[in-house]
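Here is a friendly briefing to read alongside the model. Please keep the 3D view open as you go.

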Amino acid sequence: MTQEAGAEERRRLRAGDRRELIARMIRTDGTVVVEELARSLEVTPSTIRRDLALLTEQGTIARTYGGAMSAGHTTEPSLGQRSGLAVAEKDRIGRWAAARIGQGDTVILDAGTTTGRLAHHLRARTDLTVITSGLTALRELAEADGVELITLAGTLRHVSQGFVGPLAELTLSRLTADKVFLGADGLDARLGICEASLQQTSLKEMMADRGKELYVLADSSKLGQAPFTAWAPLDRAWTLVTDSGATDAQLAPFRALPDTEVITV
């Protein structure tokens, strides 16, 4: 079959056949990425996301950062693997969050790729204090002379490039902030922030209580997802900042919360 004929066949795939093909690709390759599937099957990323959502409901697959994996596969992606996913979306979210930070503010930045982009947009700022547990933010701000940088040094989780544990929590217990910015492996309107370990959720929960304003930065691939079993509840007023690719169905549970503002960028 020629390349042109193969492309024409993919365009003619019915939705059910396309989902079966996606499931077969995941069984073969282990993981897939939304953008790559969209290019391969010549449909829009939103169509692929709907396909993946249905396959997830059927228990065929499990959602991941910007893609999917075989059901039952719970390996945590490394920070390096995550850094190549939803790049434009994370940058828009980070830029929006940076614009909310005022002169003289003290802010807490969680570990992660989206908070790393937020840190990137703070490099030229002055009269700013940043408290962070993430190596990505530390690298971005290490040479930012106008930013006072405080690290929550504890035990390094190599896979997520963030510090956790009692030493990080002890340092945090002595600090407060104007604004807190958290990332998420998954985000559920009822359960809160999903992470791979209880050490992560413990620190996030504590971070959430140390600031006057709380923001959760999560691209749309994280919404409604529960890739792991550790949770940090969000039991105070907070703002969800996500990308414009989020669907109404994804956003509805968060918009229904009484003390939650939803921002799409």
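Predicted model: local features only at pLDDT ≥ 70, side-chain atom pairs only at ≥ 80, totals over all residues.

**The parallel sheet**

- Strands of a sheet pair through backbone hydrogen bonds, either parallel or antiparallel.
- Strand β4 (residues 106-109) pairs with strand β9 (residues 177-182) in the parallel sense, over 3 bridges. Here Leu-109 stands opposite Phe-181 of β9.
- The next pairing, β9 with β12, is also parallel and has 5 bridges. Phe-181 turns up again, standing opposite Tyr-215 in β12.
- β12 runs parallel to strand β14 (residues 238-242) as well, joined to it by 3 bridges. Val-216 has Leu-240 in β14 as its bridge partner.
- Why is β12 largely enclosed by the rest of the structure? Because 5 of its 7 residues are buried.

**The antiparallel sheet**

- Strand β11 (residues 192-195) and β13 run antiparallel and are joined by 3 bridges. A pair to look for is Cys-194 with its bridge partner Trp-231 in β13.

**A loop residue: Phe-228**

- Phe-228 sits in the loop between β12 (211-217) and β13 (230-232).
- Is Phe-228 buried or exposed? With a relative accessible area of 13%, Phe-228 falls under the 20% cut-off, so it counts as buried.
- Phe-228 and Gly-186 are 42 residues apart in sequence, and their C-alpha atoms are 8.1 Å apart in space.

**Helix α3**

- Helix α3 covers residues 34-41, and Val-34, Leu-37, Ala-38 and Leu-41 are buried in it.
- These four cover an arc of only 100° around the axis, so they lie on the same side of α3.
- Glu-42 follows α3 and has a positive phi, near 55°.

- The largest cavity has a volume of about 240 Å³.
- Which residues are closest to the centre of the largest cavity? Out of 23 lining residues, they are Asp-110, Ala-111, Gly-112, Glu-195 and Lys-204.
- The elements that give two or more residues to this lining are α7 (113-120), β8 (162-164) and α10 (198-208). The largest share, 4 residues, comes from α10.
- By class, the lining of the largest cavity has 7 nonpolar, 9 polar and 7 charged residues.
- The second largest cavity has a volume of about 60 Å³. Its lining includes Val-34, Glu-35, Arg-49, Gly-66 and Asp-243, and Val-34 is also among the buried residues of α3.
- Also lining the second largest cavity are Ala-86, Glu-89, Asp-219, Ser-220 and Ser-221.
- The lining of the second largest cavity has 2 nonpolar, 3 polar and 5 charged residues.

**The largest pocket**

- How many residues line the largest pocket? There are 14, of which Ala-53, Arg-63, Leu-223, Gln-225 and Gln-250 lie nearest its centre.
- α4 (45-57) and α11 (248-255) are the elements that give two or more residues to this lining. With 6 residues, α4 gives the most.
- The lining of the largest pocket divides into 3 nonpolar, 7 polar and 4 charged residues.

Key
Residues numbered from 1 in each chain as written. Heavy atoms only, no water. 1 Å grid on protein atoms, 1.4 Å probe; cavity = no way out; pocket = protein on both sides within 12 Å on 5 of 7 lines; lining within 4 Å. Points joined across faces, edges and corners; volume = space filled by probe spheres on them. Nonpolar A, V, L, I, M, F, W, Y, C, P; charged D, E, K, R; others polar. Buried < 20%, exposed > 50% of the residue type's maximum accessible area, 1.4 Å probe, protein only. Arc of directions from axis to C-beta. Pairing = 2+ DSSP bridges.
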